[in-house]
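Take a look at the fold below.

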Amino acid sequence: MKGANQSPDDQVELTGEMLSDIEEIERLIDEMLTYGRLDTVSSPLTIEEVNINQLIENLVEKLQRTSDVPIGVQISGPVSCLCDGHLLERGIQNIIVNGLRYARTALDITVTLDELLTIIIDDDGPGISPDQRQQIFSPFTRLENSRNKLGGGFGLGLSIADKIISLARWRDYCGGKY
Ligand SMILES: Nc1ncnc2c1ncn2[C@@H]1O[C@H](COP(=O)(O)OP(=O)(O)O)[C@@H](O)[C@H]1O
Ligand SMILES: [Mg+2]
């Protein structure tokens, strides 16, 4: 435990630790608020024509800066859809961030639009065993024994993504296309 008689070096270290603790608490609050808001019936969706090519390009540019794992993108032509772009981006980002954490050498994103808009985010990491696939969508569930084993969050990322993607109200806006 750090005592009162700290050297300047200890104080710098403590300040650094405190800052990263504060950042972690801020991230937790942000994720809990996002998760909670998605449950609120009154939370408004901002539905507009969203350019999916642009959305993916922006996300990849942002997230590639945080990882050495190369992100590949395949999109079958110009794709747009009526949806809440910010929410969709948040959901996709959560899945890509996970993929980058677990990928060994590559992460690939494939987007197709037929009857359905399909976005596949595929990493070449260990994957998730079929019997665990349901539980990872429950809030605060992480499969690692040690919470910090591979860095990461609080087990809310996929719960948020799941809620966003299953927002049934989108169907009303998109002519049943989701
Ligand atoms: N691409 C992936 N490969 C392997 N395991 C994954 C992947 N994505 C998620 N997981 C597992 O699912 C858990 C829940 O993910 P998530 O809800 O995003 O929480 P967090 O990222 O905070 O751990 C992760 O802790 C991990 O055990
Ligand atoms: Mg996550």
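Predicted model: local features only at pLDDT ≥ 70, side-chain atom pairs only at ≥ 80, totals over all residues.

Residues are numbered from 1 along each chain as its sequence is written, while chains are lettered from A and ligands numbered from 1 in the order in which they are written.

The protein chain holds five helices and five strands. Both are DSSP runs numbered from the N terminus: helices are H or I with at least four residues, strands E with at least two. Along the sequence the order is α-β-α-β-β-α-β-β-α-α.

Of the 178 residues, 17% are buried (20 or more other C-beta atoms within 10 Å of the residue's own, C-beta atoms being placed from the backbone). Take contacts (C-beta atoms, placed from the backbone, within 7 Å) between residues at least 6 apart in sequence. Of these, 67% join residues at least 24 apart.

Now to helix α4, residues 157-165. Its buried residues are Gly-157, Leu-158, Ser-159, Ile-160, Ala-161 and Ile-164. Their cover includes α1 (8-37) and α3 (85-102).

How do α3 and α4 cross? Their axes come within 9 Å, at roughly 145° (lines fitted to C-alpha atoms over the stretch in contact, with angles from 0 to 180 degrees between N-to-C directions). On the α3 side, the residues that meet α4 include Leu-87, Leu-88, Gly-91 and Ile-95. Among their α4 partners are Leu-158, Ala-161 and Ile-165.

Methods
Buried ≥ 20, exposed ≤ 12 C-beta atoms within 10 Å, placed from the backbone. Contact = placed C-beta atoms within 7 Å.
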